[in-house]
Protein chains: 2
Amino acid sequence: MNEFELIAKLTASLSSNPAVVTGVGDDCAVLDVGAPGRRLLFKTDAIVEGIHFLPTADPRKIGHKALGRCLSDIAAMGGRPLAALITLALPSNFDVPFVSAIYDGMNALARRYGVAIVGGETTTNPERMLISVSMLGECSNGILRSGAKSGDAIFVTGELGGSILGKHLEFEPRVAEGQWLAEHFPIHAMIDISDGLVNDLRHILKASGVGAELLAKSIPVSPAARQRCSKVAPLWGRPPVCRFQEPLAPWTPTDFGAAPAHKRACGSVPINASAPETPLMAALGDGEDFELLLCVSGKQAVPLLDAWKKQFPALRLTCIGKIRSEPGLSLRDKTGIHTLESHGYVHFA
Amino acid sequence: MNEFELIAKLTASLSSNPAVVTGVGDDCAVLDVGAPGRRLLFKTDAIVEGIHFLPTADPRKIGHKALGRCLSDIAAMGGRPLAALITLALPSNFDVPFVSAIYDGMNALARRYGVAIVGGETTTNPERMLISVSMLGECSNGILRSGAKSGDAIFVTGELGGSILGKHLEFEPRVAEGQWLAEHFPIHAMIDISDGLVNDLRHILKASGVGAELLAKSIPVSPAARQRCSKVAPLWGRPPVCRFQEPLAPWTPTDFGAAPAHKRACGSVPINASAPETPLMAALGDGEDFELLLCVSGKQAVPLLDAWKKQFPALRLTCIGKIRSEPGLSLRDKTGIHTLESHGYVHFA
């Protein structure tokens with residue numbers, strides 16, 4: 001039973017009440033707590049030493065990542081973050097300056113987005129550090145995953161792939177961008193890219209009951225995705241064929257602990273026999289880019305791009321494909337249309 | 001550096017914003033999110049395998065405890081629980097029926113108190129299970145720890161001590177009682193007993209800038225506290241003197257992992273060389289009773305007791321002492337007044 005099957009089993013029949021607008025299954029839960037014109041967003045996310053970060057990582061960046069992941073989920077709903085609680089589960093030999101620096105990293109990011117850190121707790125997790133963050137935000141309605149419609153244009157912010165080389169610890173959550181999108185355009189569906197473009201797009205497709213076609217040459221491949229593949233090439237050779245119909249490499253930044261030793265990250269450069277075969281595959285399959293993936297009606301595509309360039313001139317927004325009514329996900333390149341069967345990273349798959 | 005010193009260091013300068021009514025330092029954070037006449041309560045709590053529960057425990061009870069601890073904190077603010085998020089950090093060899101039964105235990109308790117479980121996440125924690133729960137509640141104002149005044153009567157619900165023998169996995173969070181108290185009496189200060197009566201009372205005293213005197217013969221010692229001491233007696237003998245001025249045994253239900261092997265719980269009966277010397281000491285020092293500890297003006301003491309007996313005839317409410325202006329905490333028994341220097345359990349002390 002993999003992570004998604006387990007979640008489906010556990011969440012099949014959960015306790016609910018009238019305050020719940022949207023429960024399990026989106027980036028955040030949406031609640032109505034009686035505040036006129038506002039809805040509350042509620043989210044939790046944990047990072048684990050050896051899984052989501054190495055103990056040798058800069059502790060400020062660990063803190064940044066812990067808080068930033070929740071901020072990215074608030075952003076994906078078009079929300080404004082309000083308050084966070086921090087749970088630190090620490091091994092017995094924890095180092096006080098290291099833990100303080102983690103808090104410094106969280107605090108710096110929290111201040112940048114006006115989030116109050118209002119408490120939390122410390123507990124013991126003898127073998128490794130675990131940091132869990134809970135966050136509250138607010139929005140007018142909340143952009144769900146479930147509103148994508150046939151004919152929608154699919155957009156992504158920034159560039160994708162290779163975040164293991166550094167971005168997974170340094171990414172800027174797209175909080176300002178998410179709020180701007182929610183306020184200025186009728187966004188049909190949005191999600192943040194944590195499990196990888198293909199996997200997170202599948203979440204939108206499943207929730208919306210639609211399919212999609214991506215255009216290979218439009219995918220914004222990051223320099224890190226190219227660097228990651230070039231690092232691997234001298235050791236294992238570049239594969240002759242790009243086999244899109246086979247599973248993409250499931251190795252992502254969240255894989256440190258689960259991967260066999262030869263696949264583990266070593267310092268900041270991953271030694272990874274299963275690295276993606278091409279930079280495009282890294283952009284499609286790598287996780288933890290924390291960019292926004294969104295769907296908007298085809299008619300809004302050009303106005304959105306024009307307005308975006310004025311508002312966020314330093315950040316790319318790219319149309320990478322379109323929603324179609326037929327289920328499934330395919331990739332069009334110069335050789336034809338390929339079915340994408342692959343998944344991103346799945347915990348304990 | 002112990003747990004409380006670490007928390008003080010980490011929370012010395014946290015990011016804040018105008019939504020925060022009460023941040024770090026109470027049972028829950030209190031937020032104003034624009035809902036007229038309501039304030040929001042926000043809390044997180046984690047339990048760790050081998051620390052807060054043994055892997056041999058009934059999984060339904062593990063789930064009950066995980067959710068119940070947060071409910072107890074909402075109760076201690078006089079609040080009404082609304083919604084919860086569940087983080088399951090699972091070892092690689094987790095057992096699906098076991099995890100499902102944990103969720104069953106959480107769901108049953110959530111339904112009893114009208115709490116919606118609105119999501120969460122699963123992640124990997126290779127060596128042991130960790131369950132973190134975040135909870136939202138609401139209240140009109142929120143009863144803090146900081147309002148105790150000289151002359152207040154100190155009350156406690158239920159009976160105390162020995163929860164390691166079972167109650168720590170089966171306790172009923174005092175949600176109904178906390179709401180009733182908040183609605184019917186001007187409660188000056190309230191907390192739930194998780195770290196032990198003495199330790200949690202100290203939290204109230206510190207936050208309120210006052211001291212207290214407890215009356216030994218009034219402390220409601222539970223049958224489990226007596227049983228726990230009698231189990232130890234045949235092995236190590238009953239100590240001749242009750243030394244209140246020495247530290248109480250710091251061993252509590254939260255001690256499984258940290259204690260040396262000879263102190264660890266064995267099945268459901270603890271084999272514990274450091275068990276409290278008397279049932280009274282167990283009642284004063286043991287953690288995880290999850291009863292409510294509250295302060296109300298002396299004039300309200302008798303009306304409160306009378307009303308309580310009608311409302312909750314099956315649950316004791318006991319006046320155990322009084323708040324005084326002089327700092328410190330003392331215990332009066334037939335031999336005189338003894339200063340209580342002791343603490344409850346402190347993680348990584």
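Author: The largest nonpolar core has 208 residues. Such a core is a set of buried Ala, Val, Leu, Ile, Met, Phe, Trp, Tyr and Cys residues joined through C-beta atoms within 7 Å. Buried means that 20 or more other C-beta atoms, placed from the backbone, lie within 10 Å of the residue's own. The residues with the most contacts inside this core are Phe42(A), Ala83(A), Ala84(A), Phe42(B), Ala83(B) and Ala84(B).

The model is predicted; local features need pLDDT of at least 70, side-chain atom pairs count only at pLDDT 80 or more, and totals for chains, interfaces and linings use all residues. Residues are numbered from 1 along each chain as its sequence is written, while chains are lettered from A and ligands numbered from 1 in the order in which they are written.

Take Ala83(A). Leaving aside residues up to four places away in sequence, Ala83(A) touches Val115(A), Ala116(A), Val118(A) and Leu136(A), and in chain B Ala19(B), Val20(B), Ala29(B), Leu31(B) and Phe42(B). Contact means C-beta atoms, placed from the backbone, within 7 Å.

Now the interface. Chain A gives 63 residues to the contact, and chain B gives 63 residues. On chain A, β5(A) supplies the largest share, nine residues. Strands are DSSP runs of E, at least two residues, numbered from the N terminus. The side of chain A that touches chain B holds 34 nonpolar, 21 polar and eight charged residues. Asp, Glu, Lys and Arg count as charged, Ala, Val, Leu, Ile, Met, Phe, Trp, Tyr, Cys and Pro as nonpolar, and the others, Gly among them, as polar.

Technical notes:
Buried ≥ 20, exposed ≤ 12 C-beta atoms within 10 Å, placed from the backbone. Contact = placed C-beta atoms within 7 Å. Helix = DSSP H or I, 4+ residues; strand = E, 2+ residues; numbered from the N terminus.
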